Amino acid sequence: GHHPDAVAAHLASRRVAVWSGDNYAKELVDAWGLRETGGVVRAGISRYLELDDVHRLLAVVERMAAH
């Protein structure tokens, strides 16, 4: 129920780097009809991140999903 840009901005304010939009998956976003609602949010979990970074991402997403 949240716009992808708002989710990305909220996560950024909590020091979580994500992207919103089609993330180079234009065909998939179009096929799922998500372009009209702003696309999707993509979080890249890379091996150089600390486990605390992953926990912070999950905690912020969990709190957002509850509201």
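**View 1. Asp30 and Arg35 pair up in a salt bridge, with 2.6 Å between their closest N and O atoms.** A salt bridge here is a side-chain nitrogen of Lys or Arg within 4 Å of a carboxyl oxygen of Asp or Glu. This is a predicted model, in which local features need pLDDT of at least 70 and side-chain atom pairs count only at pLDDT 80 or more, while totals for chains, interfaces and linings use all residues. Residues are numbered from 1 along each chain as its sequence is written, and side-chain values use heavy atoms, with hydrogens and water left out. Asp30 is partly exposed, at a relative accessible area of 43%, and Arg35 is partly exposed too, at 37%. The cut-offs are under 20% relative accessible area for buried, over 50% for exposed and in between for partly exposed (1.4 Å probe, protein chains only).

**View 2. Arg35 also meets Asp22 in a salt bridge, side chain to side chain (3.5 Å, N to O).** Arg35 sits in the loop between H2 and E2 and Asp22 in the loop between E1 and H2, so this pair ties together parts that are 13 residues apart in sequence. Helices (H or I, at least four residues) and strands (E, at least two) are DSSP runs, numbered from the N terminus. With 22% relative accessibility, Asp22 is partly exposed.

**View 3. Asp53 and Arg56 make a salt bridge through their side chains (3.0 Å, N to O).** Both residues belong to helix H3, where they are 3 residues apart, about one turn of the helix. Asp53 is partly exposed at 23% relative accessibility, and Arg56 is partly exposed at 22%.

View 4. Buried or exposed, what is Tyr24? Tyr24 is exposed, with a relative accessible area of 80%, whereas Asn23 is buried at 17%. Beyond its neighbours within four places in sequence, Asn23 is in contact (heavy atoms within 4.5 Å) with Val40 and Arg42.

**View 5. Gly39 lies in the loop between H2 and strand E2 (40-42).** Its relative accessibility is 10%, so Gly39 counts as buried. Leaving out residues up to four places away in sequence, Gly39 touches Pro4, Gly21, Val29 and Leu34. From Gly39 to Lys26 is 13 residues in sequence and 9.0 Å in space, C-alpha to C-alpha.

**View 6. The largest nonpolar core has 8 residues in all: Val7, Ala8, Leu11, Val16, Val18, Leu57, Val60 and Met64.** A nonpolar core is a set of buried Ala, Val, Leu, Ile, Met, Phe, Trp, Tyr and Cys residues joined through side-chain atoms within 4.5 Å. Helix H1 (4-13) and H3 are the elements that give two or more residues to this core. Val7, setting aside neighbours within four places in sequence, is in contact with His2, Val41 and Met64.

**View 7. The largest pocket has a volume of about 220 Å³.** On a 1 Å grid over the protein atoms alone, a pocket is an open set of points where a 1.4 Å probe fits, with protein on both sides within 12 Å along at least five of seven lines, and lining residues have an atom within 4 Å of a point. Of the 15 lining residues, Val16, Ala17, Gly44, Leu49 and Asp53 are the closest to the pocket's centre. Helix H3 (residues 51-65) gives the largest share of the lining, 4 residues. Sorted by class, the lining has 10 nonpolar, 2 polar and 3 charged residues. Ala, Val, Leu, Ile, Met, Phe, Trp, Tyr, Cys and Pro count as nonpolar, Asp, Glu, Lys and Arg as charged, and the others, Gly among them, as polar. The volume is the space filled by probe spheres set on the grid points, which are joined across faces, edges and corners.
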